[in-house]
Amino acid sequence: MQKFAFPVLKILLFLLIVYSPFFLHLGNMPVRVWDEARLIANTLEMAGNGNYLVPHFQDNPDMWNTKPPLMIWFQLLMLKIAGNQELAFRLPSAIAGLLTATTLLLLFSNYLKSYWFGILTVLILVTSNGYIGDHVTRTGDYDALLTLFTTFFAVSFFLYTETGKQKFLHFFFAGIVLAVFTKSVQGLLFLPALLIYLLISGNFLKTLRNKWVYIDSVIAAAVIAGYYLLRESVNPGYLEAVYVNELGGRYLETTENHRHEFMYYMNLLADKQFGNWIIFVPIGIFTGLTFPDKKIRNLSLYTFLLGSVYLLIISSAGTKLAWYDAPLYPLLAILAALPVYRIFGLIAGYRSEKNRKWLNVLYPALFVVSLYYIPYQNIINKVYKPHEEEREDEFYSISHVLQRAVQGKSDLNNCFVCYTGYDVHLQYYTDQLMEQGKKVRMTVPGALKPGDKVIYAQDYIRKKIEEKFQFVETDSFKNVKFITINGTRDSNN
């Protein structure tokens, strides 16, 4: 009975640690502007038109979001299970985070025979601000799913070089295909580091002589090329759009004004995304490379190499976005956990004749709690009461108003929403309200007339309305104004 209970307790501890960071209040925040809103629009159109090969946007093939539709397929599945709500579109990302943490735990528990090393690594991962946040595990974007598959194929490749077992080679190529089907070429950015590791570890010639490397390579290339060629055949111009959006155009040039200095990601990781854990990374590299266990030394070298090459590649790109560093977090978590595990092992291994058995358990537990309590509490606070920064009110204050109306907490019937710029995140809610029989429509100031009820938030809209109309303000929320237009202004004044 005890042999059965202990593994169950280990699983329960793991689930207790990861549940809140990934799933707590996951659907509370309104739809995020840009990628999440676009993916949701793609998913809803796919559900409506039944075209599972070519994602559409506003009834046309989407030539801006040119990535393969694996994430959209997962969102479509969750849509059918959970219904049309924010939670459905974010569940694939949260589940991907859970599976990434599970992958790390299995690596440490099964290969390195250290469940606690795995737990310490997972704790760092789920207390990483950049990983538990918008655009990764807390929103319906690509990056959590991409990170799952890059982590999966990276772990599989490491285990193949360590054990020589063919199944890990097959897993590696399967992970490559899934990563490319998630986010196109970004799923391949670890490959240069893998080649370097083969040379350093002495596995290069052995790998070249393995027939399955060639068989699996051909199968993977055929599957990937097959999708792109099939998509081009039914969606002419698709391959050109892929090049412009994802290959030379995005890497060699700056798109959409996303230009930053070479040290952008390093500064971002240190200042915000990885926080104080970044201090543990260089210590972890030294600790890992000098560790008594050869398996851990190899893993440390491998992880350091993958992280360094990937960081160099994305730092050299013309276009830099904060979430491009997402695949780094599992690697950084491993490196940062190395000195923590070393100290944990020394404390857990300390025995004294004067110490009682319960003290031998208490001391390591106190060490873990003292180190992780504040970072974990910060993440719980972040997901328990999620909120935007004040600078984001322009995008999301109206979203909150519309979300409440969809939930039946307010009535916006016969109301116009004035907003300029990319408004897909707002259209998600106006479409739902229209389906509920509520007349809530997007419009521009020039189309308004006396008697209209209007909500707006942007200064540009305010100025346009004030120039043309007389109105009375009926309510407000943050920077959102609720007005009723009661006349026009005399153009001669």
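Contact is taken here to mean heavy atoms within 4.5 Å. The structure is a predicted model, in which local features need pLDDT of at least 70 and side-chain atom pairs count only at pLDDT 80 or more, while totals for chains, interfaces and linings use all residues. Residues are numbered from 1 along each chain as its sequence is written, and side-chain values use heavy atoms, with hydrogens and water left out.

Under this criterion, and not counting residues up to four places away in sequence, D62 touches R38, N42, P55, H56, F57 and R231. D62 lies in the loop that runs between β2 (60-61) and α3 (70-82), where helices (H or I, at least four residues) and strands (E, at least two) are DSSP runs numbered from the N terminus. With a relative accessibility of 1%, D62 counts as buried, a class that means under 20% relative accessible area, as against exposed for over 50% and partly exposed in between (1.4 Å probe, protein chains only). The side chain of D62 also makes a polar contact of 2.9 Å with the side chain of R38; such a contact is a pair of N or O atoms within 3.5 Å, of which, within protein, one must be able to donate a hydrogen and the other to accept it, and residues adjacent in sequence count only if both atoms are side-chain atoms.

Leaving aside neighbours within four places in sequence, N203 is in contact with T161 and L198; N203 and T161 are 42 residues apart in sequence, and their C-alpha atoms lie 6.7 Å apart in space. The side chains of N203 and K206 are joined by a polar contact of 3.2 Å.

Two further loop residues have positive phi values. For W34, in the loop between α1 (2-23) and α2 (35-49), phi is near 70°, a positive value in a residue other than glycine, and the relative accessibility of 43% makes W34 partly exposed. D59, in the loop between β1 (56-57) and β2, likewise has a positive phi of about 70° although it is not a glycine, and D59 is exposed, with a relative accessible area of 67%.

Two packed helices are described by the angle between their axes and the distance between the axes. Here the axes are lines fitted to C-alpha atoms, for helices over the stretch in contact, and the angles run from 0 to 180 degrees between N-to-C directions. Helix α3 packs against helix α4 (residues 86-111) at an angle of about 120°, with the axes 7 Å apart. That makes α3 oblique to α4, given that angles under 35 degrees count as roughly parallel, over 145 as roughly antiparallel, 65 to 115 as roughly perpendicular and the rest as oblique. The contact is made by M71, F74, Q75, M78, L79 and A82 of α3 and by A88, F89, L91, P92, S93 and I95 of α4. These residues divide into 10 nonpolar, two polar and no charged, where Ala, Val, Leu, Ile, Met, Phe, Trp, Tyr, Cys and Pro count as nonpolar, Asp, Glu, Lys and Arg as charged, and the others, Gly among them, as polar.

Helices α18 (residues 393-406) and α19 (residues 424-435) pack at about 20°, with their axes 9 Å apart, which makes α18 roughly parallel to α19.
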